[in-house]
Amino acid sequence: GLCYIPGCTRPASDCAHLIGRAALAVRWDTEPDGNCHMLCRECHSKGHAGQLSPSYVESFIEISGQDAWERLTERARAGSRIATPVLEVMLQEMRLLTEVL
């Protein structure tokens, strides 16, 4: 696929996090309105340098809406951990992906 940032047409190559990876409750949240999205290397680098315009958060709000941003930040603040069954499903999916690659 292509980079998540609207207007960018480069191939996606990097997994980016809206909210830092230290927020375990949303660290691996890959739903469309979740914390992780695929960006191209250039947009990912610009985002970390604060040079991405519109910013990654602004792009997320444009795509998913302000309510989705508020739900995501609330989940991150709640600090809950990922349930073991969810982790097991994620591990199975990652194994399948690595077999394909």
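Q: Start with F60: buried or exposed?
A: F60 is buried, with a relative accessible area of 0%. Buried means under 20% relative accessible area, exposed over 50%, and partly exposed in between, using a 1.4 Å probe and protein chains only.

Q: Before we go on, what kind of model is this?
A: It is a predicted model: local features need pLDDT of at least 70, side-chain atom pairs count only at pLDDT 80 or more, and totals for chains, interfaces and linings use all residues. Residues are numbered from 1 along each chain as its sequence is written, and side-chain values use heavy atoms, with hydrogens and water left out.

Q: Which residues in α2 are buried?
A: Y56, S59 and F60 are buried in α2. Helices are DSSP runs of H or I with at least four residues, strands are runs of E with at least two, and both are numbered from the N terminus.

Q: Where do they sit around the helix axis?
A: Seen down the axis of α2, the buried residues fall within an arc of 100°, so they line one face of the helix. The arc is taken from the directions from the helix axis to the C-beta atoms.

Q: Why would residues a few places apart point the same way?
A: An α-helix has 3.6 residues a turn, so residues three or four places apart point the same way.

Q: What covers the buried residues of α2?
A: The cover includes β1, β2 and α3.

Q: OK, α2 and α3. What's the angle?
A: About 120°, between α2 (residues 56-64) and α3 (residues 66-78), with their axes 6 Å apart. That makes α2 oblique to α3. Angles under 35 degrees count as roughly parallel, over 145 as roughly antiparallel, 65 to 115 as roughly perpendicular and the rest as oblique. Axes are lines fitted to C-alpha atoms, for helices over the stretch in contact, and angles run from 0 to 180 degrees between N-to-C directions.

Q: Which residues meet there?
A: From α2, V57, F60, I61 and S64. They meet Q66, A68, W69 and L72 in α3. Contact means heavy atoms within 4.5 Å.

Q: How many are nonpolar, polar or charged?
A: The contact of α2 with α3 has six nonpolar, two polar and no charged residues. Ala, Val, Leu, Ile, Met, Phe, Trp, Tyr, Cys and Pro count as nonpolar, Asp, Glu, Lys and Arg as charged, and the others, Gly among them, as polar.

Q: New topic. How many aromatic pairs?
A: Two. Y4 and Y56 form an edge-to-face pair, 6.0 Å centre to centre, with 80° between the planes. Rings of Phe, Tyr and Trp (its six-membered ring) pair if their centres lie within 6.5 Å; planes under 30 degrees apart count as stacked, over 60 as edge-to-face and the rest as tilted.

Q: Where in the chain are Y4 and Y56?
A: Y4 is in the segment before β1 and Y56 is in helix α2, 52 residues apart. Both are buried.

Q: And the pair of F60 and W69, what are its numbers?
A: F60 and W69 are also edge-to-face, 6.1 Å centre to centre, with 65° between the planes. W69 is buried, at 17% relative accessible area.

Q: What does Y4 touch?
A: Leaving aside neighbours within four places in sequence, Y4 is in contact with H37, M38, L39, Y56, S59, F60, I63 and S64.

Q: Last one: where is D29?
A: D29 lies in the loop between β1 (14-17) and β2 (36-39). D29 is buried, with a relative accessible area of 15%.
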